[in-house]
Amino acid sequence: MPQSNPRTIVIRESVLDKNRTIARANRAQFDAWNCLAVNMISSPGAGKTALLERTLSDLSGDLRLAVIVGDLATDNDAKRMNDRGAEIVQVNTGDICHLDAAMVARAAEALVGRAPEVCFIENVGNMVCPAAFDLGEHVRVVLLSVTEGEDKPLKYPRIFHTADLVVVTKMDIADAVGFDRQAALDAINRVFPGVPVVEVSARTGAGMDAWYGWIEEKRTLK
Amino acid sequence: MHELSLMESVLEIASRHAEEQAATRIHSITIRIGDMSGVSIDALTFAFDVLARETIAAEASLNVVRVPARCKCPECDHEFETDSPFATCPRCGTLRTELVQGREIELASMEVS
């Protein structure tokens with residue numbers, strides 16, 4: 001058979017379509033549970049797990065809570081959050097630097113009998129790659145710790161653009177590390193004017209009420 | 001390095017379409033990448049070189065078309081190119097404009113035989 005000439009085919013398909021389709025199904029599942037899904041994103045070490053430990057301890061008496069926690073390896077974070085009255089599902093991503101919707105879909109199967117009212121999805125510590133992947137969450141929370149430098153939002157504008165809430169963490173050591181609060185708020189406002197910000201210390205509990213208030217507000221608005 | 005997973009998806013979509021067209025060889029792949037997509041074109045090209053080897057796109061060339069970011073003003077309908085998804089409208093000064101183009105990560109077309 002003679003070799004046919006190359007022909008052009010037009011495709012125009014978004015590479016993230018598959019992820020988006022699965023994300024939509026995840027969102028439908030969360031909605032069926034009447035559950036608020038919260039995608040939590042930050043650099044490694046910004047305090048996602050510490051914030052969640054405290055949150056679970058404080059809220060699990062009133063709400064059915066679940067956490068899907070992504071890490072490249074280990075179940076250390078899941079162990080830290082265990083025994084706080086919430087369902088914890090650890091996802092190990094291997095070499096992958098972000099959670100995607102399919103990973104969350106698999107993890108959510110473990111929550112089927114539980115029907116949580118709030119499901120926190122603790123993303124892999126990374127300020128770059130998770131920005132592109134819709135997990136089926138309703139809201140996105142970006143954490144910034146006081147040790148990271150006030151200009152972090154300017155360095156990683158894309159992730160802050162997508163935030164529904166910015167949580168400034170480790171406020172109890174703000175003075176010790178010379179954190180310039182106004183400079184940080186200015187930087188956040190420059191990349192995303194008007195985005196809500198709460199300032200917390202998971203250790204002392206300061207500011208946690210504002211965080212819980214925000215969750216409650218989003219739950220009601222849903 | 002999410003470019004690696006993105007390129008995996010590109011090749012998956014390309015192979016599926018090639019199969020549907022009963023093609024046995026992909027000569028070129030054209031992708032459209034928005035300036036606000038957060039994707040590094042260098043990393044994407046590198047991922048293509050690594051991942052295409054074992055596929056029917058092994059001999060294919062990769063063309064990358066950059067898509068400039070455009071915003072639209074919800075107040076005065078003005079559309080303009082920008083380098084920020086939160087650009088101020090240059091015509092009426094509105095702060096909250098909407099990004100209408102520039103987030104694309106898309107397999108646009110390919111040549112097959």
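In the predicted model, B:Ile29 has B:Leu62 of S2(B) as its bridge partner. Strand S1 (residues 26–34) of chain B and S2(B) run parallel and are joined by seven bridges. Strands here are DSSP runs (E) of at least two residues and helices DSSP runs (H or I) of at least four, both numbered from the N terminus; two strands pair if DSSP finds at least two bridges between them. Strands of a sheet pair through backbone hydrogen bonds, either parallel or antiparallel.

This pair belongs to an open sheet of four strands with mixed pairing, in the order S1(A)-S6(B)-S1(B)-S2(B). Its edge strands, each pairing on one side only, are S1 of chain A and strand S2 (61–67) of chain B. On average, neighbouring strands of the sheet are turned by 20° against each other, direction ignored. Strand S1 (residues 7–14) of chain A pairs with S6(B) in the antiparallel sense over six bridges, and A:Ser14 stands opposite B:Glu106 in S6(B). H1(B) lies across S1 of chain A and across S1 and S6 of chain B, at about 40° to S6(B). Axes are lines fitted to C-alpha atoms, for helices over the stretch in contact, and angles run from 0 to 180 degrees between N-to-C directions.

Turning to the interface, 26 residues of chain A are in contact with 23 residues of chain B, contact being C-beta atoms, placed from the backbone, within 7 Å. On the chain B side, helix H1 (3–20) and strand S6 (105–112) each supply at least two residues. The largest share, eight residues, comes from S6(B).

Chain B as a whole contains two helices and six strands, which follow one another from the N terminus as α-β-α-β-β-β-β-β. The chain is more spread out than a compact globule, because its radius of gyration is 17 Å, well over the 13 Å that the globule rule gives for 113 residues. That radius is taken over C-alpha atoms, and the rule is 2.2 Å times the number of residues to the power 0.38. Along the principal axes, the C-alpha atoms of chain B fill a box of roughly 55 × 30 × 15 Å.

Residues are numbered from 1 along each chain as its sequence is written, with chains lettered from A and ligands numbered from 1 in the order in which they are written. In this predicted model, local features need pLDDT of at least 70 and side-chain atom pairs count only at pLDDT 80 or more, while totals for chains, interfaces and linings use all residues.

Key:
Contact = placed C-beta atoms within 7 Å.
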